[in-house]
Amino acid sequence: MAEMSKDDGGSAVAAGGDGGTTTVKSIFVYPIKSCKGISVSQALLCSTGFVWDRHWVVVNSRGRGCTQRVEPKLALIQVELPLEAFTLGWEPKKTSYLVVRAPGMAELKVPLTKPSLQSEGVSVWEWSGSALDEGDKAAKWFTDFLGKPSRLVRFNDDSETRPVDPFYAPGSNVKFTDAFPVHLISQASLDAVNEQLKEQVNINRFRPNIFVDGCEPYAEDLWKQVKINELTFQGVMLTPRCKVPTVNQEDATQGSEPTETMMKFRSAKALEVNATKTKYKGRVYLGQMLVCEDKDNSWRKVINVGDIIHVENVFPSYADVAV
């Protein structure tokens with residue numbers, strides 16, 4: 001676990017083994033669920049997570065959200081947003097687009113102004129509701145690439161909310177993210193995993209929102225409350241890993257690693273977590289899920305690469321951490 005020191009303001013700061021502070025190394029936003037992420041130097045955050053994060057999802061003919069678990073080819077889809085879309089106060093214009101690219105496909109431009117078409121019966125895990133439909137041109141693009149009927153829809157902020165599991169964080173909401181608003185992993189934890197693997201994996205296998213540097217391996221597991229640029233986050237649970245980390249993000253091939261090796265030292269059994277706080281048994285864990293302390297969805301604040309991670313409170317042990 002990270003050594004705790006004090007900064008000039010008196011707040012606890014996670015420190016690495018060399019005494020340096022822990023900082024935000026990278027910020028990743030994933031506009032379309034399960035497609036490639038965008039690395040940005042700053043991002044706007046609200047109570048449901050980063051603005052534009054998992055704002056869209058590809059759905060099948062039954063309206064069910066698609067992920068790399070069953071459609072690994074989604075890993076090959078690149079997305080682009082205007083740089084100014086990540087700045088405070090920016091609003092989309094008629095000439096503002098989400099640009100989508102994939103091997104062998106013509107470029108797709110999706111207007112960022114809200115579409116008028118609506119799809120009913122959209123579902124992501126336990127949630128179902130309506131979503132804004134991006135139209136037939138986008139539907140054809142995704143249908144052609146995936147080889148099966150598909151549509152692109154975006155979360156309808158005006159009429160829908162999607163609560164997180166109240167077992168962990170009652171009162172919080174997300175868009176099309178799997179579970180919670182923010183996912184955080186440290187460079188040291190990734191390095192520690194790679195030391196155990198025959199072939200190293202990139203951080204893109206684990207799809208964090210905030211990638212931090214300067215703490216000891218797995219220190220973030222026990223972060224109960226952290227502050228970044230005056231924004232306070234609560235640690236909710238260790239992140240249970242699904243099939244996605246076994247998908248090579250460069251060619252969409254699937255294997256058994258890193259999960260097979262991680263089962264030896266990052267399973268619930270290996271970590272000796274409290275079974276009464278376990279809902280995802282049999283998984284491996286890497287990183288921490290966070291919720292924003294402020295539940296007002298109207299606020300927007302910026303997090304920057306280089307911001308210091310202030311650790312305000314920690315869990316005493318793994319037995320106290322939910323999984």
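Hi everyone, let me start with a contact I like: R69 and D178 form a salt bridge, with their closest N and O atoms 2.5 Å apart. R69 sits in the loop between β7 (56-59) and β8 (78-80), while D178 sits in the loop between β15 (173-174) and β16 (182-186), so this pair ties together parts that are 109 residues apart in sequence. D178 has 29% relative accessibility, so it counts as partly exposed.

Before I go on, please keep in mind that this is a predicted model. The average pLDDT for the protein is 91, and 91% of the residues score at least 70. Which stretch should you treat with care? Residues 1-19, where pLDDT stays under 50. The model does have 48 contacts beyond four places in sequence for residues 1-19. Still, where pLDDT is low, the predicted coordinates should not be read in detail.

Back to the charges. How many salt bridges does the structure hold? There are 13. One of them links the side chains of D53 and R54, at 3.0 Å from N to O. Are D53 and R54 buried or exposed? Both are buried.

Another salt bridge pairs R151 with D136, and here the closest N and O atoms are 2.9 Å apart. R151 belongs to strand β13 (residues 151-155) and D136 to helix α1, so the bridge ties together parts that are 15 residues apart in sequence. R151 has a relative accessible area of 25%, so we call it partly exposed. D136, at 59% relative accessibility, counts as exposed. And to return to my opening pair, salt bridges that share partners join K33, R69 and D178 into one network.

That brings us to the sheet that β13 belongs to. In what order do its strands come? It is an open sheet of four strands, β7-β13-β12-β11, with antiparallel pairing. β7 and β11 are the edge strands, each pairing on one side only. From one strand to the next, the twist averages 50 degrees. Inside the sheet, β12 and β13 are paired antiparallel over three bridges, and A131 stands opposite F155 in β13. Helix α1 packs on this sheet and touches β7 and β13, and its direction makes about 120 degrees with that of β13.

While we are on the helix: α1 covers residues 136-146, and K137 is in it. K137 has 64% relative accessibility, so it counts as exposed. If you want a sense of scale, K137 and T22 are 115 residues apart in sequence and 45 Å apart in space, C-alpha to C-alpha.

Now over to strand β5. Four of the five residues of β5 (residues 42-46) are buried, so the strand is largely enclosed by the rest of the structure. Which strands does β5 pair with? One of them is β21 (residues 301-304), which runs antiparallel to β5 and is joined to it by four bridges. Within that pairing, L44 has V302 of β21 as its bridge partner. β5 also pairs with β6 (residues 49-50), again in the antiparallel sense, over two bridges. There, C46 is partnered with G49 in β6. A hairpin of two residues connects β5 to β6.

Last, some backbone geometry for those of you who like to check torsions. Where is the cis peptide bond? A cis bond joins E257 and P258, with omega at about 10 degrees. P258 is in the loop between β19 (231-241) and α3 (259-262).

Then there are two positive phi values to look at. S34 is not a glycine, yet its phi is positive, about 75 degrees. S34 lies in the loop between β3 (23-29) and β4 (38-40). With a relative accessible area of 6%, under the 20% cut-off, S34 counts as buried. W125 is not a glycine either, and its phi is positive at about 55 degrees. You will find W125 in the loop between β11 (118-124) and β12 (127-133). W125 has 38% relative accessibility, so it counts as partly exposed.

Technical notes. Residues numbered from 1 in each chain as written. Predicted model: local features only at pLDDT ≥ 70, side-chain atom pairs only at ≥ 80, totals over all residues. Heavy atoms only, no water. Buried < 20%, exposed > 50% of the residue type's maximum accessible area, 1.4 Å probe, protein only. Salt bridge = Lys/Arg side-chain N within 4 Å of Asp/Glu carboxyl O. Pairing = 2+ DSSP bridges. pLDDT = per-residue confidence, 0-100. Contact = heavy atoms within 4.5 Å. Axes fitted to C-alpha atoms, helices over the stretch in contact; angles between N-to-C directions.
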